[in-house]
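Me: I would like to learn how to read helices and their contacts in a model of this kind. Could you take me through some cases, giving the general idea before each one?

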Amino acid sequence: MTGLVGYASYLPRYRLAGVDIGLRRGDRVVAAFDEDSTTMAVAASADIPGARTANALYFATSTPAYADKTNATAIHAALGLPADCLAVDFCGSGRSGFAALLAAANTGGLAVSADVRVGRPGSADEKLGGDGGAALLFGGAGPAIAEVIATASLTAEFLDRWRATTSVTGEQWEERFGTERYAALIRAAVERVLDTAGLPGADHVVLTCPNSGIVKRAATLVKGEKSVVTSPIGFSGACDAALALCSVLDIADAGQTILVLSAVDGCDAMLLRTTTALPKARQPRPVTAQRAGGLPVAHLTYLSWRGLVELEPPRRPEPDRASGPAAGRSTPWKFGLSGSRCDACGFVHLPPARVCKGCGATDRMSVIPVAGLRGTVATHTVDYLAYSPSPPVVQAVVDVTGGGRFTCEVADAEPERIHVGSTVGFTFRRLSTAGHVHNYFWKARLDGKRDG
Amino acid sequence: MASKGIAGKVAVVAMGCSRFGERWDSSADDLLVEAVTECMTSVPKLDRDDIDAYWLGTLSSGMSGLTLSRPLGIGDKPVTRVENMCASGSEAFRNACYAVASGAYDVAMAVGVEKLKDSGFSGLLRQDPPGDGTAAELSMTAPAAFSLLDPAYCAKYGVHAEQMRDAMTHVAWKNHANGAHNPKAQFRSPVAKETIDKAPKVAGRLGVFDCSGVSDGAACAIIVPAEHARDYAETPMYVRALSLVAGSGRGAMDPGYDYTSFPEVVRSARDAYQQAGIDDPRTAFSLAEVHDCFTPTEIVLMEDLGFTDPGQSWKDVLAGDFDADGRLPINPDGGLKSFGHPVGASGLRMLYEAWLQFRGEAGQRQLPDPHTALTHNLGGRPGSCVSFVSVVGREAGR
């Protein structure tokens, strides 16, 4: 098995207030209307410095944006991975997330998982779920931050949680039935993996499970010398275990063992030992910082984002579906946010152009990737008339640091915070969906308050 | 290589203009018949068979010359449909003028029409070819695109947001006050400044009254060689300059562009002034009909057309310089604000006001002794647009 060399999590910015959904305190992390499992996978992956050198991409989700079409290819394109990099989907459940992890550990590559968990209004899933993504990079260049010591998997067929393929919300049997089955599976998996490793226990235990009875009893089910953690945002589907692992990697010291237990239709276990490289290779923003704060979203607006209620749209036509061949020709721009820079005069074209607008030179262009750069707002507006899945549309003209300008939407917008000169980064989002075709493109995202 | 123009070579001898508005009872065909009938009635010495060729400007109300030839029952004559976004009507006029100036035809007609109110949507609809879904135009409406001028202008010239708001309000107030005197306008009531200020927002700081209306309409003109003009009309309108510029779209990609000007307008105005031999645009014109699609557009256009200095327009607007009784009346007919903007018709509607003014037929709007007028159309948006400028006069030359 290869070593773990990098990790990053992504939590969306929006929060449903606890009082709106029956939580006594706190809130729930929810993806914005323009986010899906694919976009959140891109966001998580992009924060790992070496992600763009991955030799394989394994994408796990229980809420794929497409069926019959690989979703990992959009992530592959957004990250600018080479054509000979395998990119595949592991769709289905939290178990798929662990399978992606196992595959990446075996072959090297990126295991990225993301989910948008939807519950019926008033349901436990609405209260206790959370949306997010997590990425773990194995193998390749760079020192390992953790080594895989042992793995174990137990499989069991029983009915705890299920969802019709045509439904956005799922169902659960009486919780205690699943709790009992899972408790036995977890104990057995722990015994087996520790036995293989020849260890009496682990420093940190990560235990995730779609059954909330297990989550409540986690600390009594398995002993961890230093900590026992569960999902930091509530049940988050395919990324549940990876997200919880990220939160432990944020705090674990060098030379400590981490036991990852993902109990979904069985129980999977992976035992890791951190190295001295970990403290210097932690993700830029720990899970706790990503979890704190956020932007409130009204419950009704949220329900409209998930298609559970339909709000009155502006009196404007819905967009046409994006053209397959046109999108195919512009993949480096549409998915990768790469423009062209004139070799003769340096003028940057976003989107790329063949004839330079600066000096007229033809076909003398180099590729210039912009996705990882920052920009400054030249001017901005709020469009109350434009069609959007969640009006109004906030837009900005953005001057890219180092050259180039383009006009785009502003994601997670707080219009009152935008002014001429505001600094932004770029984030991969779903602009709209028409004819069942998702129109993916990049938006600007205002720097957080931490950046001034 | 040079833009030589056709100053003094052709003249307009008849015009027609439909009533503009939400013409629920009229099709594009009806609007065309309305404008053309008025036009033909006004020139008894010409009948339909005397017109040798037609140019029709429309953005979306039909394709090909058949859009005009079928409703008018024109048989076996050349009819060309042209489209240049919001400058489509002006483009029809420009091509018809060139056809007559070239000697190819003795009599040509330019027609513009747009039927917008059958769509059921607010604002203009785009008809883009299939694309990759990333174009900013797809998710940004026209009011939003032009609202970008406001914060950029304020930031560059240190104009306080409230001062800019007052200037935008003045533009809307002025054009509605002018349109109140125009029986063919969509909106024929003055609007109080307070109402303009408090209107619901459409985009950025633009409220409903900062935006031109959406209406249906048609207008047309008959063009003949200048030397024959007086055979048909006692007071012809002479064409002194026609300029069209299509930008490269550089501004939308160039951080050097600051969203406080339309370089395409500056270049087309310079070209037109050179063609017409105009040295000082501040004093050359009796009136100007400009593309006031949104109130900040008119403010910026005053600078780009050379009617005032950069950064000065908002002050001149507030001082009343461009009011009907100011030093240079802008949009005395009420502009796009009062007429709405049936895209293909607007350019010819602007020329229609100059035509009426020169002939002393502008009623309550009549200006004292008007001799020279400018019309201006803008298609597209800041950073990427086409601009048209014409100079027309009561006399063939200066």
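Me: Which residues of α1(B) are buried?

Reply: An α-helix has 3.6 residues a turn, so residues three or four places apart point the same way. In α1(B), the buried residues are B:A28, B:L31, B:L32, B:E34, B:A35, B:V36, B:C39 and B:M40, where buried means that 20 or more other C-beta atoms, placed from the backbone, lie within 10 Å of the residue's own, exposed means 12 or fewer, and partly exposed lies in between. These buried residues pack against β1 (10–17), α2 (66–72), β4 (108–114) and β7 (217–225) of chain B; helices (H or I, at least four residues) and strands (E, at least two) are DSSP runs numbered from the N terminus. This is a predicted model, in which local features need pLDDT of at least 70 and side-chain atom pairs count only at pLDDT 80 or more, while totals for chains, interfaces and linings use all residues. Residues are numbered from 1 along each chain as its sequence is written, and chains are lettered from A and ligands numbered from 1 in the order in which they are written.

Me: What span should the 14 residues of helix α1 of chain B have?

Reply: The expected span is 1.5 Å times one less than the number of residues. For α1 (residues 28–41) of chain B this gives 20 Å, and the end C-alpha atoms are 20 Å apart, which agrees.

Me: How do α2(A) and α3(A) lie relative to each other?

Reply: Two packed helices are described by the angle between their axes and the distance between the axes. The axes of α2 (residues 37–46) and α3 (residues 72–79) of chain A come within 9 Å and cross at roughly 40 degrees, axes being lines fitted to C-alpha atoms over the stretch in contact, with angles from 0 to 180 degrees between N-to-C directions. The two helices are therefore oblique to each other, the class left after roughly parallel (under 35 degrees), roughly antiparallel (over 145) and roughly perpendicular (65 to 115). From α2(A), A:T38, A:A41, A:V42, A:S45 and A:A46 meet A:A74, A:I75, A:A78 and A:L79 of α3(A), contact meaning C-beta atoms, placed from the backbone, within 7 Å. The residues of this contact divide into 7 nonpolar, 2 polar and no charged, with Ala, Val, Leu, Ile, Met, Phe, Trp, Tyr, Cys and Pro counted as nonpolar, Asp, Glu, Lys and Arg as charged, and the others, Gly among them, as polar.

Me: How many residues of chain B are in contact with chain A?

Reply: 33 residues of chain B are in contact with 38 residues of chain A.

How values were computed:
Two residues are in contact if their C-beta atoms, placed from the backbone, lie within 7 Å.
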